[in-house]
Amino acid sequence: MQSLKKSLILSFLITFLSLSSVLLSEDIISEPFFDFKGSLFENETIDMTIETIQPSTTSLIEKRNSVNFTGIINMYGLYEVNRNSNLFESTVSNNRLQFYSDADFFLDFRFQKGVKGFMDIYLGQINDPNVPSAQSLIINIKEYFVDFNLDYTSYFRVGKQYLKWGQGHFWNPIDFVNVDKKDFLNLNQALEGVYGLKVHIPNGTRSNLYFFLNSQQSDEPSDLSLVSKYEIALKNIELGISTLIKRNQSSRFGLEASTYLFGFDILSELSIFNGKEPFMNGSDVQYKSESRQYQWMGQLSKSINWERPNRVRVTYEHYYQTNGFETLNWTDTSLIDSLVEENIYIPNQLSKHYHSAFITISEFPYHSSNTFVNILQNFNDGSGLMNLGWTYTLINELTFNNSLIFYFGDSNSEYKGTGKSIDLRSQISLKF
Amino acid sequence: MNDKTNYPVSNNRPLTITIFLTTILIASSLSATSLKLKPSINKILKKIDKQQTIEKDVTAKVTILQQDIEQGIKQMESIYFAKGSTDQFLIVMTAPESEKGNGYLKADDHFWMYRRNTRTFQHISRDESIAGSDANTSDFETPKYELQYKGKKDSDNEDIIQTVNLGKIPAYKIDVSSDLPNVAYPNLTIWVRQDNLLPLKIQNKSYSNSLISTQYFLKYSKINDKFIAIKQMVIDNFEKGNKTVWEITDITFSPIDNHIFTKAYLENLSN
């Protein structure tokens, strides 16, 4: 009897504890579904019904012919302070105010089976008292080309075209194609194309083969050059190998790699060539081709990029070329004139070492605006420029861009040699 | 005599055992009922993945409506292609004109972002927001919660699963984290429906557990036994007031040619 009593008490306790745990587990907390207060979407509700639907049969790829006309109009205001140049324009010493504008108009013709045509018509106007009014209007067709493909296995583009050849942010040593160079102060500017035929043969998503037959300034077949590139994406790296072949000119070989490590995007480009490049060797000024010897030369760029999407983006890039200048007398106007005449002077690519940094903070200092600092420095002479600015987007199509550009270094240096100290630059861009 | 005195004892023993066993059975069944209502976090994650993984090729139209507190409302449209048997997808922007032609191409661990104005294919490691909105490319990937995230546990190494009512909907609330470098958000708080374990709401959090954005799954549709969240909303908790709603329409399961998932095709669609 005693045992039965004990058993009943024990059973009661077990049952009580079990019931308690179940009751406790069902102590349900209520939370609001939407924990925000909004304007546009505050009437959104959760739809608990799950309806079964049938797959659509509509084709989403537009199959009819179409013509699109778009463009961008830019208005610039530039105030150059303490301009006291002994280079290129040695007599000017006043501060200078300029207003000018330009526009790119894009025409895009679409046909079936991926056939299309494209044209970029550039229109620019310079408002400068030193420029005759007859010459102040610039009209240029930056690009016009036709695209077609062979059953989506090989893609062809023929005409005047700008090719993105290399992934570098500012320097592209493996760019064996383009003539127009990136403008440090306007990196998104549409660049002028070169004439030729591009062939792109994809092999799945991971590998691609490109050829470009360059007919720029070619009067006869022997003037043509052929650029090729093969790229492949391996485990977590994308590699590219490229070559430039041109008669009576040294071949060039390029290698590019991009990967990511610890949240950083890392990429590098290397080009090597052997020949009588119209370039100088160290401080020995031998820019005349007949006085120069064959030698191996190379150009290397490395960049590292970190980004928190829509918040902060930081890019650092370094450029090195074996045969760049370590020293150069930037006050020697005849020397600089000669370099310009020989097409040797390429801004931001004349010395041995350069580096640059690009920092953009989104939504700062307030909403709809971005603040950026872009710095470019010639490592060898210590000069450089810093572009500090902010952009404000009033509506998606209209952007204001204001920046202060500081030039630093000795007066005998690449960036200070022009005599510039500070530029105040404003730009209004309208996209349509 | 001894036998007599022992009778009651021998009579009570089976009864005691019966009561005790019955009690244990009742208690066990109550506990089992309680446990059955709470699947493990791993099971929840596995179910989310399984229910939403579509093994067929998918083409769909994605409309993104973004409300920016200063710039107003922006509507974007894109076409989404996904190769069911692989981890490939392609998103091509079709509107507005300023975004048209930009695209996102993914194959396994490789992700390229194409910018029309510079004709650049940027090979990047991270997820990217679509056209600056709060819709992320990871939102269009085959879900891999089970592989990428682990549930948070208490001091007894038991899964922490809360039973809550989200609005009026019975839900489970779980916290998961990931130490993988390429996930969009290292910490998540997920609310799933109790009846079918479909996500209702996800809070996306940083390494330090600060709230970045909140994702609401407003409507699901069932196509060929798979669930697709055809309407979602993301609230930007960083920039208060910014909201993005996207809707998926015109879903097809027709086979997609491999040539779609190439840089050449994306560039051809663009300029």
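Leaving aside neighbours within four places in sequence, which residues is Ile141(A) in contact with? Keep in mind that this is a predicted model. The residues in contact with Ile141(A) are Met119(A), Ile121(A) and Lys160(A).

Ile141(A) sits in strand S6 of chain A, which covers residues 137–150. Is Ile141(A) buried, exposed or partly exposed? Ile141(A) has 13 C-beta neighbours inside 10 Å, so it counts as partly exposed; the cut-off for exposed is 12 or fewer, and for buried 20 or more. For a sense of distance, take Asn95(A): Asn95(A) and Ile141(A) are separated by 46 residues in sequence, and their C-alpha atoms by 33 Å in space.

Now the strands around it. Strand S5 of chain A, residues 116–127, pairs with S6(A) in the antiparallel sense, over 10 bridges. In that pairing, Gly117(A) is opposite Val146(A). S6(A) is also joined to strand S7 of chain A, residues 154–161, by 7 bridges, again antiparallel. There, Leu150(A) faces Ser154(A). S6(A) and S7(A) make a hairpin, with 3 residues between them. In the turn, Asp151(A) has a positive phi of about 50°.

A general point about strands: in a regular strand, side chains alternate between the two faces of the sheet.

Staying in chain A, look at strand S3, residues 66–81. How many bridges join S3(A) to strand S4 of chain A? There are 15 bridges between S3(A) and S4(A), residues 96–110, and the two run antiparallel. One of the facing pairs is Ile72(A) with Asp104(A). S3(A) has another antiparallel partner in strand S20 of chain A, residues 422–431, with 10 bridges. Tyr76(A) stands opposite Gln427(A) in that pairing.

Next, chain B. Chain B has 4 helices and 14 strands. Of its 271 residues, 41% are buried. Among contacts in chain B between residues at least 6 apart in sequence, 48% join residues at least 24 apart.

Take helix H2 of chain B, residues 41–52. At 1.5 Å a residue, its 12 residues should span 16 Å, and the end C-alpha atoms are 17 Å apart, so the two values agree. Which residues of H2(B) are buried? They are Ile41(B), Ile44(B), Leu45(B) and Ile48(B). These residues are on the same side of H2(B), because they cover an arc of only 95° around the axis. They pack against several elements of chain B, including helix H3 (145–148), strand S9 (169–177) and strand S10 (187–193).

Last, the nonpolar cores. In soluble globular proteins, nonpolar side chains tend to be buried together. Here the largest nonpolar core has 64 residues. Those with the most contacts inside this core are Tyr80(B), Leu90(B), Ile91(B) and Val192(B). Strand S13 of chain B, residues 226–236, gives the most to the core, with 7 residues. Not counting residues up to four places away in sequence, Tyr80(B) touches Thr59(B), Ala60(B), Val62(B), Phe89(B), Ile91(B) and Phe140(B). There is also a second, separate core of 10 residues, with Trp165(A), Ile174(A), Phe176(A) and Val177(A) among them.

That is the end of the tour.

How values were computed:
Residues numbered from 1 in each chain as written. Chains lettered and ligands numbered in written order. Predicted model: local features only at pLDDT ≥ 70, side-chain atom pairs only at ≥ 80, totals over all residues. Contact = placed C-beta atoms within 7 Å. Core = buried A, V, L, I, M, F, W, Y, C linked by C-beta atoms within 7 Å. Pairing = 2+ DSSP bridges. Expected span 1.5 Å × (residues − 1). Arc of directions from axis to C-beta.
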